[in-house]
Amino acid sequence: MEGVEGDVVIVGAGIAGLATALGLHRLGIRSLVLESADSLRTTGYYLGMWPNAWKAIDALGGIGQILRAKHTQLIGIVTTSVVSGDITAEVPIKSADSEGDSGLYAVNRKTLLETLENELPRGTIKYSSKVVQIQDSDGYKSLHLADGTILRAKVLIGCDGVNSVVAKYLGLSRASSAGRSSVRSFVEFKNIHGFEPKLMLFFGKGVRFGVVPCDDHSIYWFYSFHPPQDKEIVEDRMKLKQHILSTIGKVPNKIRSVIEETDATNIEFSPIRFRYPWNLLWGNISKGNVCVAGDAFHPMTPDLAQGGCSALEDSIILARVLSAALRGEPRENEQQRIRKGLENYAKERRWRSIDLVWSAYISGSVQMWDGVVLNFIRDHILAKFLGGLFLKKASFDCGKLN
């Protein structure tokens with residue numbers, strides 16, 4: 001069956017896709033979100049939401065208070081060398097201020113996605129809808145789904161992640177390996193764990209490790225490393241857990257107990273991939289009535305915790321330019337307005353994305369340096385700079401929807 005399913009079709013029901021759909025909904029524009037899975041994808045446990053993410057969330061109206069009420073605000077960043085065991089920097093994070101700066105929260109990914117979904121009109125998301133081919137069709141885009149359905153879209157937005165079919169259609173290069181892998185996990189303590197609400201980072205000797213208190217009983221932790229040659233270690237979660245414990249160096253026993261208490265079945269492993277900045281500089285972020293957002297646009301290493309935050313920035317700016325294009329007059333110039341609006345979106349987001357991708361990659365590389373001289377430079381010269389880099393990149397304001 002073939003037919004026009006609304007003005008805007010969004011591929012992918014992740015953070016970027018749902019936030020863009022909600023932004024358009026707030027502006028009176030209906031969209032259809034195609035998700036290949038049969039339900040929301042909630043892997044990843046928690047994500048750091050910095051002030052730039054909260055500005056985007058608040059622009060969507062109504063959900064910011066819901067999310068803040070369910071999560072704990074973090075009050076600082078503490079960095080520690082796993083080589084010496086010494087704290088190398090402490091950076092405070094300010095609380096909400098008169099300008100709406102909401103600080104840093106560890107937000108449950110499932111809660112965020114469900115909150116976004118609950119604000120959308122029923123039927124906005126079409127599950128089990130995998131796009132396998134995109135074709136031009138008289139100014140529209142025909143989307144061929146795996147079940148044989150063909151949909152037509154006046155505007156097509158790819159929010160379908162690092163392996164985006166829409167990014168491939170635009171000619172963007174495939175995301176590249178960063179040469180590192182990531183482990184994420186979550187542990188629930190029966191008793192109060194006693195950690196202060198701070199982002200605790202540990203790095204050196206080729207690893208980067210973080211511990212984030214989510215509430216009085218829950219801890220989210222992550223670990224980046226160069227995967228060993230023995231593939232059995234990363235395929236067997238118990239062996240992977242032991243490998244992590246053997247490589248985290250000089251950390252307090254209380255920190256070590258977080259990993260020890262983690263159920264190995266809760267450990268997620270994935271290679272880290274990113275898009276080189278020069279591919280963002282020269283590649284097509286938009287073309288005609290098609291564009292990309294979120295990880296489909298700018299997959300980045302997790303070292304600044306800006307992947308989800310920048311996806312939310314994308315959604316506000318994209319909804320804003322599309323609203324102006326679709327609601328403008330005269331009607332016969334609509335395709336031109338859509339093309340120009342998406343070009344403006346691409347222009348506005350290109351350099352911000354390049355900055356985040358490159359800064360995250362460099363920051364992660366420095367944090368994982370090994371060697372006497374490099375360790376000294378990182379721990380005694382660059383430590384405060386690295387801590388401050390989180391706050392600097394989080395100061396961006398995507399603006400309001402209108």
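A nonpolar surface patch, as the term is used here, is made of residues with over 30% relative accessible area and no salt bridge, in which nonpolar side chains (Val, Leu, Ile, Met, Phe, Trp, Tyr) are joined within 5 Å; a salt bridge is a side-chain nitrogen of Lys or Arg within 4 Å of a carboxyl oxygen of Asp or Glu. Accessible areas come from the Shrake-Rupley method with a 1.4 Å probe, and for residues only the protein chains shown count as cover.

The model is predicted, so local features need pLDDT of at least 70 and side-chain atom pairs count only at pLDDT 80 or more, whereas totals for chains, interfaces and linings use all residues. Residues are numbered from 1 along each chain as its sequence is written, and side-chain values use heavy atoms, with hydrogens and water left out.

W278, W282, W358 and I362 form such a patch, with about 520 Å² of accessible area together. Helices α9 (277-282) and α11 each supply at least two of its residues, where helices (H or I, at least four residues) and strands (E, at least two) are DSSP runs numbered from the N terminus.

Seven strands form an open sheet of mixed pairing, in the order β7-β6-β15-β16-β17-β14-β18; two strands pair if DSSP finds at least two bridges between them. Because β7 (87-92) and β18 (268-274) stand at the edges with a single partner strand each, one side of each is left without a neighbour in the sheet. Neighbouring strands are turned by 20 degrees against each other on average, direction ignored, the axes being lines fitted to C-alpha atoms, for helices over the stretch in contact, and angles running from 0 to 180 degrees between N-to-C directions.

Strands β16 (207-213) and β17 (218-225) pair in the antiparallel sense over seven bridges, with R208 opposite S224 in β17. Five bridges join β6 (76-81) to β7, also antiparallel, and V78 stands opposite E90 in β7. The hairpin of β6 and β7 has five residues between the strands, and G85 takes a positive phi near 80 degrees there.

| α7 (237-247) | β14 (176-188), β16, β17, β18 | about 80 degrees with β17 |

Residues are called buried under 20% relative accessible area, exposed over 50%, and partly exposed in between (1.4 Å probe, protein chains only). H243, in helix α7, counts as buried at 18%; leaving aside its neighbours within four places in sequence, H243 is in contact with Y223, F225, P228 and I233. I362, in helix α11, counts as partly exposed at 37%.

Notes: Contact means heavy atoms within 4.5 Å. Patches are made of residues with over 30% relative accessible area and no salt bridge: like charges are joined within 9 Å, nonpolar side chains (Val, Leu, Ile, Met, Phe, Trp, Tyr) within 5 Å.
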